[in-house]
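Colleague: I'd like to learn how to read a structure like this one, feature by feature. Could you take me through it?

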Amino acid sequence: MGLQLCYVIVGMLILFAIFDLMVGVTNDAVNFLNSAIGSKAAPFFIIMTIASMGILAGVTFSGGMMEVARKGIFHPQFFTMPELLTIFLAVMITDILLLDLFNTHGLPTSTTVSIVFELLGAAVAVSIIKIVATSDSTMALWDYINTAKALAIVGGILLSIVIAFFAGALMQFLSRLIFTFDYQERLKKYGALWGGMAMTAITFFILVKGAKGATFMDEGVITWIKGHSFVIMSGIFIVSAFIFQILISLFKINILKPIVLIGTFALAMAFAANDLVNFIGVPLAGLNAFQNAIASGDPLNITMAALSKKVHSQTYIMLIAGLIMVITLWVSKKARTVTETEIRLGQQDEGTEKFESIWLSRKIVNMFVSLFGTIKYLTPGPVRKTISRRLAPATQNKRILSAEKPSFDLVRASVNLMVASAVVSFATSLKLPLSTTYVTFMVAMGTSFSDQAWGRESAVYRVTGVLTVIGGWFMTAFIAFAVAFIFANILFYLKLYGFFILLAFAGFVIFKNHQKHKKQEQEKEEMSIYTLHNVKNFTESLEQTFDHLAFLLKGIRESFDVTFDSLFEEDLYTLRRERMRVKHFQNSTNIIIANIFKVLRLRSKEGQAVSDNFYQIIRRLQKLTDGHRDTVIRSSMHVSNHHKGLLDVQIAELKEIKTVFLNIFSLVETSFRNKEIVDCQQAVEQFHYLRELVDDFNENQVGRISDDSSKTRLSILFYAISGNCVMMAKQNVKLLDIFNESFKLNQKCS
């Protein structure tokens, strides 16, 4: 590697530092935004502003962490400057691609684990190359790699996962016993003391333990703070408790809101202090190596022993990095996607679940149900009743819109922030780069578990989500190591050509991820159409529900149209695309059904009679989506398995069925959309005509089976599709009848 290429690589490392800051904060924003956003502690603008200030403050505490990138994973004295630049460039390209991949799918992963294993993979690759190239070398692989430090980091991260979960669960259990879900009255009694302890804990771990990493404090100030920690903490407790008591008694303020906001600031600060090394530590180490090499007489061959020394990072560099992180925090859409994943896994009430049930999650839930059943049996009755009474969820106003309702309350939000801040800040003070993502995620899951958010109706889905995220963490380590190892080899052997190949590859992957996330955002916007905007008024809610039904019927009708044509043409690509949309229609149906329950509860609360036909909508919808799913899956599997295509006569018959079938769909859809009570006779007549068509065509199919022109699989497909069309047409007619009766009843009531 020539000196000119080294200049280029150093420049690219600085550029990559900016990109890594952007993808890194997108992934890690969930760490400090989750609790405040999930509990709606303040307007979104205020939450973001406080988090931004926390980041800018935190970057000044991260100086001591920068040593991890220089000497935490390998011994720099055994590498030359070009070799280190190869390692660092491979690490940065891998890190950007890996984090962007996880951000696209909305899965929070660890920037610490990724950077550690990327450094490990690239360093191992270059070390092996050096060992192989020097036949008489007495150096072994473990001489190049700081195995003790690497194992300590990995061990600390894994241990923090367990500690974070159980600490969150225990603190939430105790907090809920003290305050219960109906915490307002008890907050007046114990809130000031509890808030004082919260402020003391946050300040102790952030200020006293983290001060020695600050770039703006001299040794004298740090020594004084450490020597007077008890006095400082006592003063903070007294002052905080006094202020909170005034806020409660005189101003009637819910002090949990300022506590959550202060905790958000603290965790954002801890995140910036702990994780900044993951984003700019490697580029700064590369720049430092290049500067030391240029200052020597032999820049390409001198070993980098200078990196083993302590280097004081410049405060202005940290602040620039913090500013980039803040800008990204405000503009990144992927940050919202990652945050949404954690909030939905911890939401107190049931809702649309992002993850499906798998056998492992069912086994885990069954195990815990049995375990808690045994504990409940062994617990004395009076104790069990007392605990159950204090942990019973508070009665909530059912008319609150789901968009306005917080995912969990302020008690849990404050516990999330305090426990996570304490663990992360303490580890930072020890210069142990634990994963803030793992800690905050596991604390949030621990408090959710303790708060009974994972009820019988949602537990298997939530556990699947947690398993998915944790599985992604292990994949992070494996992918980071393997990809960095490969990239380091490409850069070492292909040099400039390898550099451009990797740049082109990275650009292509990031572009594809961007396109995929854009598509996911579009699907999310489509799902938002089914949101009920006013559950307080029965008439408006009923009209919105039928608007949603019209939109759903339109989507199914269009999907059927495409599916029929693709089956006739044996277009496997289009059929697979329609199969991927099946889940979208299933989720849409589930949301509409949940909305119907809300509308019916509202009508019951108003003391008005509820027709049984309302409940029939649910059954009809389920049959509709089941028929659609069966038809699409059967069609795609038939073509995918390369079975014989439909006969020309079968295609002609199915086209006739399709025309009548889609006409019925269109008639019902138009009636719902325009809110027009129409005569059902037209729909009924078309349905009878469709059934007669199918009966005639089924007789024709019997003849084709007899003369062996239609094979078994082809016959099964034909019967299944025609049968589904009849069944789904019937459901449309029934829905139209329910619509007419619903609006007649509504007109009478109004």
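Colleague: Let's start with D409: with which residue does D409 form a salt bridge?

Modeller: A salt bridge here is a side-chain nitrogen of Lys or Arg within 4 Å of a carboxyl oxygen of Asp or Glu. In this predicted model, local features need pLDDT of at least 70 and side-chain atom pairs count only at pLDDT 80 or more, while totals for chains, interfaces and linings use all residues. Side-chain values use heavy atoms, with hydrogens and water left out, and residues are numbered from 1 along each chain as its sequence is written. By that rule D409 pairs with R176, and their closest N and O atoms are 2.8 Å apart. D409 sits in the loop between α15 (381-391) and α16 (410-429), whereas R176 belongs to helix α7 (residues 147-179), so the pair ties together parts that are 233 residues apart in sequence. Helices (H or I, at least four residues) and strands (E, at least two) are DSSP runs, numbered from the N terminus.

Colleague: Are D409 and R176 buried or exposed?

Modeller: Buried means under 20% relative accessible area, exposed over 50%, and partly exposed in between (1.4 Å probe, protein chains only). Both D409 and R176 are buried. They also belong to a network of salt bridges that links R176, D409, R412 and D451.

Colleague: How many salt bridges does a search of the whole structure find?

Modeller: The search finds 14.

Colleague: Which residues gather in a patch of negative charge on the surface?

Modeller: A charge patch joins like charges within 9 Å, using residues with over 30% relative accessible area and no salt bridge; for nonpolar side chains (Val, Leu, Ile, Met, Phe, Trp, Tyr) the limit is 5 Å. Asp and Glu count as negative, Lys and Arg as positive, and His and the chain ends are not counted. The place of a charge is NZ of Lys, CZ of Arg, CG of Asp or CD of Glu. Here the patch consists of E692, D695, D696 and E699. E699 is in helix α24 (residues 681-706) and counts as exposed, at 58%.

Colleague: Which residues is T574 in contact with, leaving aside neighbours within four places in sequence?

Modeller: Contact means heavy atoms within 4.5 Å. T574 touches V562 and S566. T574 lies in helix α21 and is buried, with a relative accessible area of 10%.

Colleague: How does the whole chain look?

Modeller: The chain has 25 helices and zero strands, and 53% of its 750 residues count as buried. Among contacts with a separation of 6 or more, 85% come from residues 24 or more positions apart.

Key. Accessible areas come from the Shrake-Rupley method with a 1.4 Å probe; for residues, only the protein chains shown count as cover.
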